[in-house]
Amino acid sequence: MIGLAALALVRPLFSIVGLIDALGEPAAPLLLTLAWVLIVGLSRVREPLLTLVAAGLSYAVATILLSAVLSPILTGHPQGPLATPFAIVPLLIVDTMWGLIAGGLAVLDAGCATGVAPPGTSPPPTSPATAAGGGRNQPDGPVVASTANPAEPHHAATAPAQSNPHGRP
């Protein structure tokens, strides 16, 4: 979560050095959202929605602190949320919502990557043959549990013991 918030700090740093103008204003947040979704969705985080909501909130707090430290150094006077305190709550709300939206996308991405249906949707229907063995041919008789050693071939456990006249295993 902290790493995701730190990754998002690329956006204000791009703004400070002027790269936001080169990329265009919506490009940086969209790229960062895509990065969050892919990182969380593909890494199979246990709670992707909660993780990205917390990352969004952490990013907001980090942005407030970063602007408090860097703005006096860069401009000579404080700017940002601490200079205008009424902006703190909206900043926290917007960045938390950003995390919520990215988290929702990560949940969908994780569901697509694993083949698991997202919460609130029904799983695809399966046929009895597919449910029983994944589409493989199954014997018609009852299934008997084997106590054979899994390292040995299956036929060795079911074949009767025979004497080996040649002395080979």
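Q: Leaving aside neighbours within four places in sequence, which residues is threonine 33 in contact with?
A: Contact means heavy atoms within 4.5 Å. In this predicted model, threonine 33 is in contact with Trp98 and Ala102, leaving aside its neighbours within four places in sequence.

Q: Is threonine 33 buried or exposed?
A: Buried means under 20% relative accessible area, exposed over 50%, and partly exposed in between, with a 1.4 Å probe and protein chains only. Threonine 33 has a relative accessible area of 13%, so it is buried. Its place is in helix H4.

Q: How many helices and strands are there in the chain?
A: Helices (H or I, at least four residues) and strands (E, at least two) are DSSP runs, numbered from the N terminus. The chain has eight helices and zero strands. Buried residues make up 22% of its 169 residues.

Q: Which residues have the most contacts inside the largest nonpolar core?
A: A nonpolar core is a set of buried Ala, Val, Leu, Ile, Met, Phe, Trp, Tyr and Cys residues joined through side-chain atoms within 4.5 Å. The largest one here has 14 residues, and Leu4, Trp36, Leu52, Tyr59 and Trp98 have the most contacts inside it. Two or more residues come from each of helix H1 (2–8), helix H4 (27–42), helix H5 (48–75) and helix H6 (88–114). H4 gives the most, with four residues.

Q: What is tryptophan 36 in contact with, leaving aside its neighbours within four places in sequence?
A: Its contacts include Leu4, Leu7, Leu52, Ala55, Trp98 and Ala102.

Q: Which residues make the nonpolar surface patch?
A: Like charges are joined within 9 Å, and nonpolar side chains (Val, Leu, Ile, Met, Phe, Trp, Tyr) within 5 Å. Accessible areas come from the Shrake-Rupley method with a 1.4 Å probe; for residues, only the protein chains shown count as cover. Leu49, Val89, Ile93, Met97 and Leu100 make a patch of about 410 Å². H6 gives the most to the patch, with four residues.

Q: What rules apply to the numbering and the values?
A: Residues are numbered from 1 along each chain as its sequence is written, and side-chain values use heavy atoms, with hydrogens and water left out. In this predicted model, local features need pLDDT of at least 70 and side-chain atom pairs count only at pLDDT 80 or more, while totals for chains, interfaces and linings use all residues.

Note on methods. Patch = residues over 30% accessible without salt bridge, like charges linked within 9 Å, V, L, I, M, F, W, Y side chains within 5 Å. Salt bridge = Lys/Arg side-chain N within 4 Å of Asp/Glu carboxyl O.
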